[in-house]
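I opened a new notebook page for this one. My plan is to look up a few features and write down what I find.

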Amino acid sequence: MTVIELKEVTFGYSEKRPVLRDINLRIDEPGFYCIVGPNGVGKSTIVKCLNKILLPQKGTISIDGEDISGMDYRSLSKKIGYVPVFSQDAFSMSVVDTIMVGRFNHSKTHSLEENLMKVYDAMKLLHIEGLAYKKFNELSAGQHQKVAIARGLVQETPVLILDEPTANLDVKYQVYVMEMLRAISEECGTIVLTISHDLNITAKYAHKVIMLSKPGIIRAVGTPEEIFTDENIKAVYGVDCWVEKSSKGVSDEGQDAGISIPHITLGEALSVDEDE
Ligand SMILES: Nc1ncnc2c1ncn2[C@@H]1O[C@H](COP(=O)(O)OP(=O)(O)OP(=O)(O)O)[C@@H](O)[C@H]1O
Ligand SMILES: [Mg+2]
């Protein structure tokens, strides 16, 4: 069982202004975890710290009890797969080669055919087989996103982190990808950690929500029902809202699982902060 732990993590891009302040977080069971919070609060920064792209000024981040600051990138990439937020990469590689990059850690232990099968399975799962030989830099934003997710999936790491995986996806694929990520966390025992701005989709699919608020702190961690209260949403986002509970949960058979899912209706913006 994989365990991720952040203890008193403080990070700032400059010494004077911390973006993350004394973050404590422990994830010790598989599941679909979703980070929410306003623009600029530090969501992407926290996942970059988890990937050692950024190094905290204070505190420790460990995976399975090992401090990541002492781990080399290859060992870390065997444990954590990372799909960054949509970027305008200018790869002119084909889609199939781009996804194959995700099999790097398996190139010695699996044959080329086995690795290609994994790439093909991921393309099939995301319905992008038809794009296999298109160039990555010639795709639409949503197609690009699906390829990036496929590249994350083929890494087959015990932890998979995706920064806004549903950005640029049409509504059908927003739902499809969230369903898929939840299913992977349940069927493969993976810790799937995502960032999202869509509170209702998060409420429907996440097992646990991690809510960040200004100035770079964790306000609360819990089930969607515990976290998505009108009080939390008003305080963190500065927007009026109404939260209703529906009893329909997600079960494998598509039946009422008896889980209460909050549904958030947004009202007026109560305050609009200036971005700092
Ligand atoms: N490379 C950087 N150099 C300096 N400051 C940065 C850098 N990247 C982010 N920041 C600042 O750090 C803060 C947190 O940024 P971050 O990208 O983590 O926010 P976020 O919660 O992911 O926001 P969004 O919802 O807009 O993606 C912001 O104030 C941002 O301006
Ligand atoms: Mg971000």
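**Ground rules.** I am reading a predicted model, where local features need pLDDT of at least 70, side-chain atom pairs count only at pLDDT 80 or more, and totals for chains, interfaces and linings use all residues. Residues are numbered from 1 along each chain as its sequence is written, and chains are lettered from A and ligands numbered from 1 in the order in which they are written.

**Ligand 1.** I looked up what surrounds ligand 1 and found Tyr13, Val19, Gly37, Asn39, Gly40, Val41, Gly42, Lys43, Ser44 and Thr45. A residue is listed if its C-beta atom, placed from the backbone, lies within 6 Å of the molecule. By class I noted three nonpolar, six polar and one charged residues. Here Ala, Val, Leu, Ile, Met, Phe, Trp, Tyr, Cys and Pro count as nonpolar, Asp, Glu, Lys and Arg as charged, and the others, Gly among them, as polar.

**Helix H6.** Helices (H or I, at least four residues) and strands (E, at least two) are DSSP runs, numbered from the N terminus. H6 covers residues 171–187. Which of its residues are buried? I found Val177, Met178, Leu181 and Ser185. They sit on the same side of H6, because they cover an arc of only 95 degrees around the axis. That arc is taken over the directions from the helix axis to the C-beta atoms. Buried means 20 or more other C-beta atoms within 10 Å of the residue's own, exposed means 12 or fewer, and partly exposed is in between, with C-beta atoms placed from the backbone. The face turned away from the buried side carries exposed Lys172 and Glu187. After H6 comes glycine 189, with a positive phi near 65 degrees.

**Core.** The largest nonpolar core has 64 residues, and Ile99, Ala150 and Ile161 touch the most other members. Such a core is a set of buried Ala, Val, Leu, Ile, Met, Phe, Trp, Tyr and Cys residues joined through C-beta atoms within 7 Å.

Most residues other than glycine have a negative phi, and most peptide bonds are trans. I therefore checked exceptions. Lysine 52 has a positive phi near 65 degrees; it lies in the loop between helix H1 (43–50) and strand S4 (58–63). Glutamate 156 also has a positive phi, about 50 degrees, and it is partly exposed, with 18 C-beta neighbours inside 10 Å. A cis peptide bond joins lysine 214 and proline 215, with omega about 0 degrees.

Conventions. Expected span 1.5 Å × (residues − 1).
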